[in-house]
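My notes follow in the order I looked things up.

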Amino acid sequence: MIDLNESLFEATNRVRQRRLAAALAGRPTFQAVKWHDIDSTDNRDPKLVAAVMSWVERFLKPYFRADVRGVERVPQGPVLMVGNHSYGIPQPDAFLLMAALYRAYKYDGIPYALGHDAIFVVPALHHLAARLGVLRACHENALRLLAAGRKALAYPGGDVDACRPWRTRNEIEFDGRTGYISQALLADVPICPVVTAGAQSTLLILDDLPWLARLLFAPQLFRLHAWPLALSFPWGLTLGPFLAYVPFPARILTEVLEPIYFDRAGESASLDEAYVRTCADRVEAAMQTGLSRLADERERGWFWSRAS
């Protein structure tokens with residue numbers, strides 16, 4: 001029987017942890033030793049990080065004619081970086097940002113990313129993400145990273161943001177979610193917004209079909225609130241979530257904006273819903289201004305390149 005109070009990903013991780021415990025107890029199983037603890041910061045592999053960042057610089061950056069600017073604005077010490085993001089794998093905007101931070105600050109400057117459960121279900125993605133320093137996106141992991149003095153990268157809009165259709169590609173869509181503000185207030189750290197224009201053009205999402213996601217119990221089973229109708233290569237027209245595709249060579253512009261500091265912090269501030277909403281509005285307004293500017297620059301650049 002399916003428990004709708006537990007997502008499929010949560011159930012999968014529970015089984016995985018049980019297998020791992022069995023292996024550690026001396027009952028070896030081939031499957032158990034293949035999985036990482038997706039809540040641990042000990043998985044990151046410096047050699048793999050260096051290799052992947054080099055590959056991004058050599059191939060992804062020229063392919064997308066990418067420009068990542070403003071990395072000097074990232075403050076020292078713990079900070080919660082918050083961005084809008086694109087759908088699926090390879091999610092080039094995240095890799096391009098990481099490569100720019102690695103180039104500027106080396107290994108210690110790369111934040112630990114908080115990722116959706118979906119990337120940890122597929123074995124190959126699970127291993128790659130864990131070894132690059134991606135943790136399961138949850139309140140506890142974010143607070144633990146910040147309390148330890150580390151940088152964290154979150155995408156509060158989750159699947160709703162990633163699956164936004166073409167008509168809203170240049171809009172910040174966090175779906176009313178404010179948990180990231182509560183995390184920053186509890187940890188007493190600034191938020192450093194990151195905006196990206198163009199990554200949502202690496203495929204064409206015709207519609208996000210939230211009504212169909214609800215009809216299929218996707219929020220309860222998969223933590224998905226969208227069921228995208230998309231056009232991508234090589235799959236063509238598809239209905240429903242998919243992970244990997246060959247991205248169109250769209251130009252991607254990313255900018256790290258000025259960090260945002262709040263005049264209150266601590267538990268009382270994080271529990272003040274009106275204050276949290278005010279802080280979220282401030283962050284999202286700054287991000288929308290930045291995204292609109294990048295989108296305008298990108299589209300004007302496309303027009304002049306076509307006209308010349």
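I began with Arg 73, which counts as partly exposed at 25% relative accessibility. My cut-offs: buried is under 20% relative accessible area, exposed is over 50%, and partly exposed is in between, with a 1.4 Å probe and protein chains only.

Before going on, I noted that this is a predicted model, where local features need pLDDT of at least 70, side-chain atom pairs count only at pLDDT 80 or more, and totals for chains, interfaces and linings use all residues. Residues are numbered from 1 along each chain as its sequence is written, and side-chain values use heavy atoms, with hydrogens and water left out.

Which residue does Arg 73 meet with its closest N and O atoms 2.8 Å apart? I found Glu 255 there, in a salt bridge with Arg 73. The term stands for a side-chain nitrogen of Lys or Arg within 4 Å of a carboxyl oxygen of Asp or Glu. Arg 73 lies in the loop between strand 1 (67-69) and strand 2 (79-83), and Glu 255 in strand 10 (residues 253-256), so this pair ties together parts that are 182 residues apart in sequence. I took helices (H or I, at least four residues) and strands (E, at least two) as DSSP runs, numbered from the N terminus. Glu 255 is buried, at 6% relative accessibility.

Arg 73 also forms a salt bridge with Glu 258, and here the closest N and O atoms are 3.5 Å apart. Glu 258 sits in the loop between strand 10 and helix 10 (267-271), so with Arg 73 in the loop between strand 1 and strand 2 the pair ties together parts 185 residues apart in sequence. Glu 258 is exposed, with a relative accessible area of 52%. I then saw that Arg 73, Glu 255, Glu 258 and Arg 293 are linked in a network of salt bridges.

**Other salt bridges**

How many salt bridges are there by this rule? I got 19. One of them joins the side chains of Arg 277 and Glu 284, at 3.3 Å from N to O. Arg 277 is partly exposed at 27% relative accessibility, while Glu 284 is buried, with a relative accessible area of 18%.

**Cores**

Next I looked for nonpolar cores, meaning sets of buried Ala, Val, Leu, Ile, Met, Phe, Trp, Tyr and Cys residues joined through side-chain atoms within 4.5 Å. The largest has 35 residues, and those touching the most other members are Met 53, Val 74, Met 81, Leu 96, Leu 97, Leu 153 and Val 256. Helix 2 (46-63), strand 2, helix 3 (92-105), helix 4 (123-132) and strand 6 (191-197) each give two or more residues to this core. Helix 3 supplies the largest share, seven residues.

Leaving aside neighbours within four places in sequence, Met 81 is in contact (heavy atoms within 4.5 Å) with Val 74, Leu 101, Pro 111, Ala 152, Leu 153, Ala 154, Cys 192 and Val 194. There is a second, separate core of 34 residues, including Leu 114, Ala 197, Phe 262 and Met 287.

**Helix 5 against helix 7**

The axes of helix 5 (residues 139-147) and helix 7 (residues 179-187) come within 10 Å and cross at roughly 35°. These axes are lines fitted to C-alpha atoms, for helices over the stretch in contact, with angles running from 0 to 180 degrees between N-to-C directions. His 139, Ala 142, Leu 143 and Leu 146 of helix 5 make the contact with Gln 183, Leu 186 and Ala 187 of helix 7.

Most residues other than glycine have a negative phi, and most peptide bonds are trans. Where is the cis peptide bond with omega of about 5°? I found it joining Phe 233 and Pro 234; Pro 234 is in the loop between strand 8 (229-232) and strand 9 (236-239).

Asp 175 has a positive phi of about 60° and lies in the loop between helix 6 (158-162) and helix 7. Asp 175 is partly exposed, at 41% relative accessibility. For Arg 223, phi is positive and near 55°; this residue is in the loop between helix 9 (218-222) and strand 8.

**Whole chain**

To finish, I noted 11 helices and 10 strands in the protein chain. Of its 308 residues, 50% count as buried.
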